[in-house]
Amino acid sequence: MNKQYLLHICIVLVLLSLSVFTGCSPIRKIAKSISVKPEGQVLTSDSSGMVNMDVSFYIPRKYISIRSRLFITPQLLVDDSLREEFEPLVVDAPIYAKKLKRRALLEKYNDPYNEYLQKVDNPLSAFMLTYHTRFDIPENAQSGLIRAIISKDGCGECSGLDTLHIADISNPVSLIDPQEALNLNWIEPEFVIRTKIREGKGEALLQFIINRYDINPDLGKNRRELDRMTQTLAPILADSLATIRTLDIYGMASADGPYGFNTALARNRASSAKQWLVKELQIAPYIEQLIQTDSRPEGWWPVFRAMTADGHPDSLSVKRILTTYTKGNDDVQEHYIRRLPCWPDIRNRYLSKDRKVEYTYSYAIRSFTTDEELLAMYRKRPDAFNEDELLRVAALAGNDSAQKEVYGTLMHYFPQSAVAANNLAVLYLRDGEIDKARQTLRTQQDFSPEMLATLAASYVYEADFERAVELLQKIDLPEARYNLGLLKAYQRKLGEAYALLKDYRDVNSAIIALSVDRNAEAQSIMKEIEDSSPLAEYVRALIAARIDDEACFRRHIGNACKDDKLRKRAAGEADFAKFRSELGL
């Protein structure tokens, strides 16, 4: 804004204040002597969100005196507040123009309004002035109007100011609240009944008398190791919902000694562990038949790893033997290891006195097929559910609070469930718990497109629209494109918003169509949908007003005004001006 323009604003404000405080003629509401064409315009934004105003002012004969300067200064008002003042139109009468010319010659006076001066052949007769400006409607403005302040006191002697209504501004896009209209990416997976197979493994470090395979619970730490094994297997065997599928026990013997002898000894130790379990847990015969025993040669590699961990200087010698003699069993390797000078050290320090008994198991958990069965069992045994079943329980929950509880349980048992993380975050957003929503999403190692869209929604709820747009532009989902369209509309990038939303054919896409003056398209959309909410009815009333269908307008405006917020808006809606007085808006 240049200095001359600022000076003009100051002069207009001074003239306004003089009319109030120094007894000059007050501002008249309508300047009947000057008219504007076209009359009664309702301006809307173009696709870039800007408003174009093209009008002509008709100045009648002898409107200004021969000593006057005419100012016509258009202004933008929103909610009765001056929001912007545009460049003025200035016309000088003949004597006023001569005085300025003489002053410039004698006093070197620089007229601050010279760049706005309009050349008129005869200012004392009737003439026409054309005016064009382009401006942006202030953010969140529901409507506005353009008026002109008219002054013909060019010599500083206040002779009063006139106002002239030029046009009203319609801003339907302000009906869209991105936070309220946001499409949250709820994931509703299909419920699929799957066999639930669970697997596990463990080991018991037992001590045996040399070359013996019978188990003595009182030897070394055997009691503790045996208890650990039974504590693992007992709950599974006792679970009425679990069916044991496999239970394999492997015995291990020391690497030293003949391979054949060690293999048989290890298998016998596995058999002893089986019999001990059968007796201790009172395993039924049909389950006992499932238990398989075998041996697993320990070999000499564990010895090498233990020596390496200790930094033993001869560990490389052992490694050379193990990598050289790889065929057959480990008897050949033992033959050469026993010849090493460090053999006594190996025998005393690295041949384990504990012998492993390893076990692996798998079992099936009963699946639940009906909704009633799922809900009943969830209250008793949520641990027996797989992810699909818990997701189904969440879908059956009666309200948001109940769903939160189920999704919390689901993430306890299946912490990497992307569906649970996304939907729980959505529930938090609905309750305004933005931090909890983000914390839930961050539990996941990778973000699915749905989760990214939910993260973007969290920024919308904080009114951080730029960051939300940045995320949504990377996501190829219908919901993400819809939300991006809402944010583009809020940013008044109406062309982009229209391109994103036009195919959704809902109330918001109709609002965007109205915002870019596509009234027929908006009408077509609203005829297709059955939405009878106050907002939808308000949009139908807007369409009716624009196509001058009074009966249709009356049919919809009453339902729209049941919403107090929309009723207040209707009172200042530019498109409703022609019906306002008779309907009491």
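Biologist: What are the ground rules on numbering, confidence and atoms?
Modeller: Residues are numbered from 1 along each chain as its sequence is written, and side-chain values use heavy atoms, with hydrogens and water left out. The model is predicted, so local features need pLDDT of at least 70, totals for chains, interfaces and linings use all residues, and side-chain atom pairs count only at pLDDT 80 or more.

Biologist: Which members of the largest nonpolar core touch the most other members?
Modeller: A nonpolar core is a set of buried Ala, Val, Leu, Ile, Met, Phe, Trp, Tyr and Cys residues joined through side-chain atoms within 4.5 Å. Buried means under 20% relative accessible area, exposed over 50%, partly exposed in between (1.4 Å probe, protein chains only). This core has 72 residues, and those touching the most other members are Ile249, Phe385 and Tyr407.

Biologist: In what order do the strands of the open sheet run?
Modeller: Two strands pair if DSSP finds at least two bridges between them. S1 (35-37) and S7 (127-136) are edge strands, each pairing on one side only. S1 and S3 (residues 50-59) pair in the antiparallel sense over three bridges. The order is S1-S3-S7.

Biologist: Which residue in S3 is the bridge partner of lysine 37?
Modeller: Lysine 37 is also joined to proline 38 by a cis peptide bond, with omega about -10 degrees. Proline 38 sits in the loop between S1 and strand S2 (41-43). The bridge partner of lysine 37 is serine 56.

Biologist: Which residue in S6 stands opposite phenylalanine 71?
Modeller: Strands S4 (residues 69-78) and S6 pair in the antiparallel sense over four bridges. From S6 (residues 89-92), Leu89 and Val91 point one way, Val90 and Asp92 the other, and all are buried. Opposite phenylalanine 71 stands valine 90.

Biologist: Is alanine 463 buried or partly exposed?
Modeller: Most residues other than glycine have a negative phi. Alanine 463 has a positive phi near 65 degrees. Its loop lies between helix H16 (449-461) and helix H17 (465-472). At 44% relative accessibility, alanine 463 counts as partly exposed.

Conventions
Helix = DSSP H or I, 4+ residues; strand = E, 2+ residues; numbered from the N terminus.
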